[in-house]
Structure formats: structure tokens, C-alpha cells
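My entries follow in the order I made them.

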Amino acid sequence: MKCYTLLACLFILFSCNNNDATPNTEPNTMPTTGIAPPANIPVSIIAVYPHDSSAYTQGLEIFNGKLYESTGDYINSSLRITDLKSGKVLQQHNMGSKEIFGEGITIFNNKIYQLTWQNNFINVYDVNDITRPIKTFKWNYEGWGITHTDKELIISDGSANLYFVNPDDLRINATRQVTDNYGPVRNINELEYIDGFLFANVYGNDVILKIDPSNGHVVGNIQLPGIIRQYSKGFVPNDNEVLNGIAWDSTAKKMYITGKHWPKLFEISLN
């Protein structure tokens with residue numbers, strides 16, 4: 001997921017109204033699931049802000065007007081608070097080591113839940129103090145992305161599975177597989193819960209999926225081919241520096257997205 005190479009589909013011209021393609025894994029097979037093809041969701045780019053390019057972004061959250069970000073990469077993994085419009089890092093807690101690799105975050109009931117990739121634990125912080133965790137849970141799967149409903153955490157592990165989890169003890173209440181009209185969609189990464197639907201990055205693809213959490217079916221997608229190359233001409237991402245990071249401002253109804261080591265943060269609206 002993080003440090004091995006995948007080929008990303010990057011196109012020269014960015015358009016919000018291109019083909020209704022999903023990033024599934026079997027290009028030579030016909031649709032087999034009976035699920036309707038996902039609808040293309042057009043978006044508008046409202047603003048482009050600076051983003052700290054040292055951040056190997058794994059998780060992104062808007063909370064009380066602040067941008068919270070979790071970064072990965074061994075040694076450099078961190079939890080940080082950033083000024084949204086300037087990109088300036090206001091506060092940072094370094095939690096990485098040669099063995100520890102940070103992953104996605106979500107903020108639930110004034111607690112920050114931060115995943116680790118292959119370390120099998122989840123740190124919990126008080127939202128008002130990111131300097132040290134107040135609790136650590138064991139987690140038996142890889143940690144990739146995390147979000148929450150009004151009662152459950154939802155965690156991805158890089159497969160097609162989503163785990164619906166009790167936030168008090170991390171007991172798994174249900175597991176659902178992300179599936180589109182071609183079958184299971186793997187590499188589900190960063191997650192955000194928006195108005196009853198899950199929005200998910202797919203590692204290695206410039207696409208955001210809209211998922212019905214009741215059954216795991218992909219009902220829509222946002223195609224963002226080559227967005228970082230269009231808006232940051234001097235930045236040439238490598239195969240690991242992919243789209244990752246979705247934050248939702250529920251008050252303004254705006255989405256914020258970025259990528260790993262990307263020098264830009266995008267404010268977009270769903271049309």
C-alpha cells in the first residue's frame with residue numbers, strides 16, 4: 001500500500017466529466033455482479049491551497065475549523081494540526097520509528113483514532129492534546145483508512161473489506177465488501193463518511209468512490225485524473241505519491257483533498 005510500487009492512471013488533461021470508469025482490477029472481464037455501474041459525480045474546484053509536501057498524507061479531518069492530518073512513512077509518521085489556507089503546520093506529534101508507520105485518522109466523540117499500517121495497534125488521543133495517546137487498542141488487521149458514523153468506526157485494511165467497529169473496545173460488529181459492477185474493489189484506502197455515504201480513495205488511482213455502507217456497493221465515483229500535475233506544474237509525483245486524503249466540512253458542505261507529498265490541497269464542491 002505504502003512503499004511498494006503501483007502504476008497510477010495519470011492523464012494529461014483533467015476533466016470532471018469524463019468516462020464513468022471505476023478502478024477495478026479485471027479489465028478483460030464483463031460485469032458479473034448485477035450491480036449498476038457507478039454514476040460519475042462531477043465536482044468543481046473552488047480553491048487551491050498550499051500543502052506541506054513533507055507530509056506523506058494518510059488521513060485528513062476538519063474539526064472545529066482546524067485541519068488535522070496523519071502522515072505515514074517510517075520515522076516521519078506524525079499527527080499534526082495544520083492551518084488550512086496557508087498549509088503551515090501549527091502543532092505536530094511525531095509517533096513514527098523504524099518500526100512504526102502511521103495511517104488514517106478520524107475524530108469521534110472528541111477523540112482522535114490513529115491507525116498504524118502493519119503494527120496492529122490504534123492510538124487514541126484527546127482532541128485537545130495530540131502530544132501523547134490516552135489509550136492504545138490492539139487491531140489484528142492492517143490499518144489503512146478510518147472514518148465513523150454516529151455510532152461506529154469504519155476501518156479499511158487495503159483489501160475490499162470494510163470493518164464496522166465499536167469505538168469503545170474495537171469489537172467488529174460487521175464486515176462488508178466493497179463491490180462494483182465488476183466485483184470486489186481492492187486497495188480501499190482513506191475514508192470519509194458524508195451524508196450517509198462513504199467516500200474512499202483507492203490506492204494508486206486518481207478516483208474517489210462513493211459507497212453505500214449498508215451493502216458495500218459502489219454507487220458513484222469522482223474522477224480526478226492528473227489533478228496534481230495540472231495545478232502544480234513543477235511537481236512530478238512518483239508511483240507512491242498518489243491521491244490520498246479526504247476531509248469534509250459538514251457546515252460549509254465542502255470537501256478537501258490532497259495526496260502523499262503533494263504541495264497542494266484542493267477545496268472542491270460536489271455538483
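I started with Glu-69 and found that its side chain and that of His-51 are joined by a polar contact of 2.8 Å. A polar contact is a pair of N or O atoms within 3.5 Å; within protein, one must be able to donate a hydrogen and the other to accept it, and residues adjacent in sequence count only if both atoms are side-chain atoms. The model is predicted: local features need pLDDT of at least 70, side-chain atom pairs count only at pLDDT 80 or more, and totals for chains, interfaces and linings use all residues. Residues are numbered from 1 along each chain as its sequence is written, and side-chain values use heavy atoms, with hydrogens and water left out.

Next I placed Glu-69 in strand S4, residues 66-71. Strands (E, at least two residues) are DSSP runs, numbered from the N terminus. I listed what Glu-69 touches (heavy atoms within 4.5 Å). Not counting residues up to four places away in sequence, the list includes His-51, Ser-78, Arg-80 and Ile-105.

Which side chain of opposite charge is nearest to Glu-69? I found Arg-80, 4.9 Å away. Lys and Arg count as positive and Asp and Glu as negative; His and the chain ends are not counted. Glu-69 is buried yet has no salt bridge. Buried means under 20% relative accessible area, exposed over 50%, partly exposed in between (1.4 Å probe, protein chains only). A salt bridge needs a side-chain nitrogen of Lys or Arg within 4 Å of a carboxyl oxygen of Asp or Glu.

Where does Arg-80 pair, then? I found its salt bridge with Asp-52, 2.8 Å from N to O. Arg-80 lies in strand S5 (78-82) and Asp-52 in the loop between strands S2 (43-50) and S3, so the pair ties together parts 28 residues apart in sequence. Arg-80 is buried at 3% relative accessible area, while Asp-52 is partly exposed at 23%.

How many salt bridges does the structure hold? I noted three. One of them joins Lys-254 and Glu-267, with the closest N and O atoms 2.9 Å apart. Lys-254 lies in strand S22 and Glu-267 in strand S23 (264-270), so parts 13 residues apart in sequence are tied together. Lys-254 is partly exposed at 28%, and Glu-267 is buried at 3%.

Another joins Lys-253 and Asp-195, with the closest N and O atoms 3.5 Å apart. Their loops are 58 residues apart in sequence. Lys-253 is partly exposed at 43%, whereas Asp-195 is exposed at 55%.

Definitions and conventions. Helices (H or I, at least four residues) and strands (E, at least two) are DSSP runs, numbered from the N terminus.
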